[in-house]
Structure formats: C-alpha cells, structure tokens
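I opened this entry to look up charged side-chain contacts. My notes follow the structure.

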Amino acid sequence: MSILYGILALIMLFFIVLQIRNRIPRIISFFSPGKRNLSFQDQPDPPVDEIHMEMAKPLLEKMEAGGFKQLGYMVEKAPLWSRSTRELVMVSASDKIIASIGFRGLKSSYFLYTPFEGGQVVITAHNCFRNYIKPDFMTTEVKSGDLDEMLESHKNDVESFIAKGYVPFRDYSREAVMRATNQYYKSSYPATQLRVAGVINSLFFIVCLLIFYLLVRAAFSQ
C-alpha cells in the first residue's frame with residue numbers, strides 16, 4: 001500500500017464531505033427547480049436585521065409615501081439544509097407591484113416584481129438581476145438604483161405586457177406573493193439556471209469521486 005496515495009485519498013474524501021453541505025441542495029434543484037419552502041414572519045430577527053432596517057429606512061419611507069404597504073418578511077428556504085433568506089415585502093395593489101428588499105451582507109438589494117396569471121413575469125431590479133428580455137419574461141436592471149427611475153421603467157414594461165393581453169395578479173396578499181414566488185421559480189429562465197447549476201455541481205461530484213477512486217486504487221495497487 002502506498003502511504004502517499006492513501007493520504008491523498010483521505011484528503012480528497014475529507015474535501016468531498018465538506019462539499020456535501022453546499023452542493024447537494026444545488027444538485028436537487030436540477031430535479032425540482034421550483035421547490036421552495038416559503039413563509040412570512042412579522043418581525044425581523046435581531047440584531048442584524050435591525051441594522052438592515054435602519055439602513056433601508058430612507059427607501060422604505062419613500063416607498064410608503066408612494067403608496068406601498070409592508071406585508072412582513074418572507075422567509076425562503078431551498079431543499080434540505082440550505083440556509084434560509086429573508087426579504088421585506090411591500091406591495092402596491094393599485095400599481096400591481098410587489099417590492100422585495102433584501103441584503104447581501106451590508107449592501108441592500110431590491111427589486112420590483114409584477115406577476116401575471118398566465119405565468120408571465122416582469123421584474124425591475126437594482127443589483128440582483130441582469131437584463132433578460134423575452135416575450136413573456138422580462139428582467140431589467142436599473143444600475144442607479146433610483147426608485148423613481150425603477151418605477152417608471154417597471155410600469156412601462158408592465159403596460160407593454162398588458163398590451164399583449166397578459167393579465168396581472170389582482171390579489172396582493174401574503175398568499176399571492178408566495179404563489180408569485182413559486183411561479184417565478186417555475187418559469188423557464190430561472191428553472192433553466194437552477195438546472196444548469198445542478199448539472200455543474202453533479203459533474204463536480206462525479207469528478208471528485210473519480211479522483212478519490214483512482215487514488216484508492218493507486219494506494220492499494222502498490
């Protein structure tokens with residue numbers, strides 16, 4: 001038995017075990033890209049969310065002045081042991097817009113979302129989406145992050161979808177927001193992205209297991 005190959009095999013096995021936590025949920029997304037556990041909570045979890053709320057206060061005040069109302073915090077969790085995320089959800093039923101405000105570290109991330117009954121999607125975002133335009137699915141990035149500019153762009157896009165005959169959601173309750181979120185993940189573009197991630201992570205594991213097998217074989221063939 002080669003001690004060197006044996007040690008390398010053990011190191012590779014340890015590496016594979018470490019990767020399981022992050023990559024297995026992504027692999028599952030290949031089979032069920034729209035599978036998410038969604039729920040709402042009324043209060044943020046201290047202390048980090050209290051800091052986030054203070055940072056987002058000017059944006060919240062501007063949105064509330066524009067007719068948006070808070071629905072609470074939507075908690076989203078992917079399969080298995082994936083970490084959950086929380087976003088503050090605000091809605092304007094008159095404008096048919098859902099607004100989501102989250103954080104990446106100490107940097108805010110927010111977008112406007114209008115779901116349609118037939119599964120169509122219009123999203124206008126500050127820094128959490130990229131431009132992607134299809135006849136029934138549109139995400140637009142407004143780099144300035146200016147709320148007025150985002151609202152104007154979003155309303156124009158929504159009107160263009162309505163002109164095609166698409167019908168926006170009429171209900172903007174918590175239940176409707178969760179239904180819209182599930183609908184988003186089942187849309188062709190997000191589903192494809194999640195499936196691609198699942199394939200990449202599956203191939204990664206296959207390669208790691210192959211290397212582990214070759215190391216074990218080399219260790220016992222000496």
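**Salt bridges**

I looked up aspartate 148 and found it in a salt bridge with lysine 62, with 3.4 Å between the closest N and O atoms. The model I am reading is a predicted one. I then placed the two partners: aspartate 148 sits in helix H3 (residues 147-163) and lysine 62 in helix H2 (residues 48-65), so that pair links distant parts of the chain, 86 residues apart. Aspartate 148 has a relative accessible area of 45% and is partly exposed. Lysine 62, at 37%, is also partly exposed.

My search of the whole structure returned three salt bridges. Another one joins aspartate 95 to lysine 155, and its closest N and O atoms are 3.7 Å apart. Aspartate 95 lies in the loop between strand S3 (85-92) and strand S4 (97-104), while lysine 155 is in helix H3, so this pair ties together parts 60 residues apart in sequence. I noted 28% relative accessible area for aspartate 95, which is partly exposed. Lysine 155 counts as partly exposed at 36%.

I also looked up arginine 179, whose side chain meets that of glutamate 117 in a salt bridge at 3.7 Å, N to O. Where do arginine 179 and glutamate 117 lie? Arginine 179 is in helix H4 (residues 174-186), and glutamate 117 is in the loop between strand S5 (107-115) and strand S6 (121-125). The two are 62 residues apart, and the pair links distant parts of the chain.

Methods: Residues are numbered from 1 along each chain as its sequence is written. This is a predicted model: local features need pLDDT of at least 70, side-chain atom pairs count only at pLDDT 80 or more; totals for chains, interfaces and linings use all residues. Side-chain values use heavy atoms; hydrogens and water are left out. A salt bridge is a side-chain nitrogen of Lys or Arg within 4 Å of a carboxyl oxygen of Asp or Glu. Helices (H or I, at least four residues) and strands (E, at least two) are DSSP runs, numbered from the N terminus. Buried means under 20% relative accessible area, exposed over 50%, partly exposed in between (1.4 Å probe, protein chains only).
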